[in-house]
Amino acid sequence: MTSPSTTTSPSAVDPAAAPHRRGSLGPVGLVLSGGVSVQFGAALAVNLMPRAGALGVVTLRLLAAAVVLLLVCRPRLRGHSRTDWGTVIVFGITLGAMNGLFYQAVDRIPLGPAVTLEVLGPLALSVLASRRAVNLVWAGLALTGVFLLGGGGFDGLDPVGVAFALGAGALWAAYIVFSARTGRRFPQADGLALAMAVGALLMLPLGIAESGAKLTDPTTIALGSAVAIMSSVLPYTLELLALRRLPASTFAIMMSLEPALAATAGFLILGQSLSAWQAAAIALVIGASMGAVRTQVGRGKAPVPEA
């Protein structure tokens with residue numbers, strides 16, 4: 001997933017300069033921190049939807065995130081190839097569409113099941129991108145946990161919401177691939193800032209059409225900005241840095257932790273309780289993710305490029 005230029009460049013994440021053992025664990029901490037941030041941000045967004053609508057919340061989130069990242073990163077617009085621009089534009093379209101579909105899903109079905117369905121996309125990627133047979137075992141174990149977390153089926157859910165969540169999952173897999181490619185082509189988080197601007201422009205007409213003047217309410221703007229920081233700026237930046245050190249297969253399996261984080265956020269913020277069966281399923285998913293990480297750390301060599 002990395003090359004000599006990315007692991008030794010000044011733009012690499014700080015743990016890259018640490019000893020091997022610390023450097024191997026650094027990306028894991030980045031992914032976990034990003035997951036906690038994005039799921040608690042999603043729970044906050046669910047409470048914001050009655051004020052601004054699903055597409056309105058997505059628009060506020062992407063716009064605020066784009067403004068923050070552009071101001072902080074100040075990305076250079078010159079000196080990039082057509083391939084660089086093509087990569088960042090596709091990444092931006094993927095970001096916008098993924099968020100739009102996911103928020104349409106959580107507007108119709110609970111947060112936990114929505115993330116459970118969405119994570120099937122990264123799980124599928126982990127199987128396709130992996131070059132080690134043991135990762136198939138971890139992916140299968142994680143998939144079992146995801147299925148159990150859904151109570152063995154999703155028959156009682158709104159089918160439209162389920163379709164939106166599955167679509168968001170497919171785009172999540174594409175996000176992993178294009179985030180890694182963008183991170184290699186642009187220094188620091190410059191590519192992410194540009195991609196976020198593309199995603200914001202993509203969603204802006206849809207948000208205005210659905211919410212209109214509601215998007216100008218000061219309280220709504222403040223809450224939308226908080227969602228942007230928690231669900232976009234922090235997690236996407238951390239994940240972009242992590243993908244410079246982790247292969248797509250390991251990163252994708254770690255995304256299996258998202259349903260557990262979503263269930264925790266739903267319990268603490270939205271008052272959604274967990275059954276003993278669901279807690280056992282979460283433990284199974286976490287075990288699969290830990291196994292995938294231990295497998296990668298134990299390899300003792302640089303990660304391979306994504307398929």
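Analyst: Two rings of Phe, Tyr or Trp count as a pair when their centres lie within 6.5 Å, and a pair is called edge-to-face when the planes are over 60 degrees apart. The model is predicted. By that criterion, a search of the whole structure gives two aromatic pairs. One of them joins F102 and Y103, with 5.8 Å from centre to centre and 80° between the planes, so the pair is edge-to-face. Are these two residues buried or exposed? F102 has 8% relative accessibility and is buried. Y103 is buried as well, at 1% relative accessible area. Both values fall below the limit for burial, which is under 20%.

A ring also takes part in a contact of another kind. The charged end of R181 sits over the ring of F178, at 5.3 Å from the ring centre.

The salt bridges come next. Side chains of opposite charge can pair when their charged atoms come close. The whole structure holds two salt bridges. In one, R185 pairs with D84, and the closest N and O atoms are 2.8 Å apart. R185 belongs to helix α8 and D84 to helix α4, which covers residues 82-106, so this bridge ties together parts that lie 101 residues apart in sequence.

D217 is in the loop between α9 (190-211) and α10 (218-242), and R51 is in helix α2 (residues 20-52), so the pair ties together parts that are 166 residues apart in sequence. Here D217 is partly exposed, with a relative accessible area of 28%, and R51 is partly exposed at 37% relative accessibility.

What does G161 touch, leaving aside residues up to four places away in sequence? Its contacts are A105, R108 and I109. G161 and A105 are 56 residues apart in sequence, yet their C-alpha atoms are 4.4 Å apart in space. G161 is buried, with 0% relative accessibility.

Some surroundings complete the picture. V67, in helix α3 (residues 54-73), forms a nonpolar surface patch together with L71 and V72, and the three have about 320 Å² of accessible area together. V67 is partly exposed at 47% relative accessibility.

Backbone angles are the last point. Most residues other than glycine have a negative phi. R74 has a positive phi near 45° and is placed in the loop between α3 and α4. At 68% relative accessibility, R74 is exposed, because the limit for that class is over 50%. Q188 likewise has a positive phi, about 50°, without being a glycine. Q188 is found in the loop between α8 and α9 and is partly exposed, at 43% relative accessibility.

Technical notes:
Residues numbered from 1 in each chain as written. Predicted model: local features only at pLDDT ≥ 70, side-chain atom pairs only at ≥ 80, totals over all residues. Heavy atoms only, no water. Phe/Tyr/Trp six-rings, centres within 6.5 Å; stacked < 30°, edge-to-face > 60°. Buried < 20%, exposed > 50% of the residue type's maximum accessible area, 1.4 Å probe, protein only. Lys NZ or Arg CZ within 6 Å of the ring centre and 35° of its normal. Contact = heavy atoms within 4.5 Å. Patch = residues over 30% accessible without salt bridge, like charges linked within 9 Å, V, L, I, M, F, W, Y side chains within 5 Å. Areas by Shrake-Rupley, 256 points an atom, 1.4 Å probe, with all protein chains shown as cover. Salt bridge = Lys/Arg side-chain N within 4 Å of Asp/Glu carboxyl O. Helix = DSSP H or I, 4+ residues; strand = E, 2+ residues; numbered from the N terminus.
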